[in-house]
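The following paragraphs lead through a single protein chain, from its overall dimensions to individual contacts. Please keep the sequence and the coordinates at hand while reading.

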Amino acid sequence: MGGLPTSKTVYAFAASPADPKIMFAGLREGAFRSTDGGESWKKLNTAPKDVAAIAIHPTKPDVVFLGTAPGRIFKSTDGGQTWRRQN
């Protein structure tokens, strides 16, 4: 799994219902995205840290919601490239 830290704990995971090759993993260090079914991962540098939950819109894989351990909710409409706090 290239790009996903192997010595860290994944606290959240989601695969897109619309395209199962699109996956997100949430760690204390931030969020990671795969577009090839988990073969490779890219860190989303603009994502918040302490990710505790991830949800992907059922028909729009570019719309992603992310919850953090401190209780903040973020939304991305561009597949995780940018995030906007919702609460």
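This is a predicted model: local features need pLDDT of at least 70, side-chain atom pairs count only at pLDDT 80 or more; totals for chains, interfaces and linings use all residues.

Among the 87 residues of the chain, 39% count as buried, that is, under 20% relative accessible area.

The secondary structure consists of eight strands and zero helices. Along the sequence this reads as the pattern β-β-β-β-β-β-β-β. The radius of gyration is 12 Å, close to the 12 Å that the globule rule gives for 87 residues, so the chain is as compact as a globular protein of that length. Taken along the principal axes, the C-alpha atoms fill a box of roughly 35 × 30 × 15 Å. As for contacts between residues at least 6 apart in sequence, 30% of them join residues at least 24 apart.

The strand pairings may now be followed in turn. In general, strands of a sheet pair through backbone hydrogen bonds, in either a parallel or an antiparallel manner. Strand S2, comprising residues 23–27, runs antiparallel to S3 and is joined to S3 by five bridges. These two strands form a hairpin, with two residues between them. Within this pairing, leucine 27 has glycine 30 of S3 as its bridge partner.

Strand S3 spans residues 30–34 and is mostly covered, since five of its five residues are buried. S3 is also joined to strand S4 (residues 42–44), by three bridges and again in antiparallel fashion. Here phenylalanine 32 stands opposite lysine 43 of S4.

Strand S7 (residues 73–76) is antiparallel to S8, and two bridges join them. In this pairing, the bridge partner of lysine 75 is arginine 84 in S8.

Side-chain interactions involving rings complete the description. Which ring does the charged end of arginine 28 sit over? That ring belongs to tyrosine 11, and the charged end lies 4.1 Å from the ring's centre. Pairs between aromatic rings, by contrast, number zero in the structure; the criterion for such a pair is that the ring centres lie within 6.5 Å.

How values were computed: Residues are numbered from 1 along each chain as its sequence is written. Side-chain values use heavy atoms; hydrogens and water are left out. Rings of Phe, Tyr and Trp (its six-membered ring) pair if their centres lie within 6.5 Å; planes under 30 degrees apart count as stacked, over 60 as edge-to-face and the rest as tilted. A charge sits over a ring if NZ of Lys or CZ of Arg is within 6 Å of the ring centre and within 35 degrees of the ring normal. Buried means under 20% relative accessible area, exposed over 50%, partly exposed in between (1.4 Å probe, protein chains only). Helices (H or I, at least four residues) and strands (E, at least two) are DSSP runs, numbered from the N terminus. Two strands pair if DSSP finds at least two bridges between them. The radius of gyration is taken over C-alpha atoms; the globule rule is 2.2 Å times the number of residues to the power 0.38. Contact means heavy atoms within 4.5 Å.
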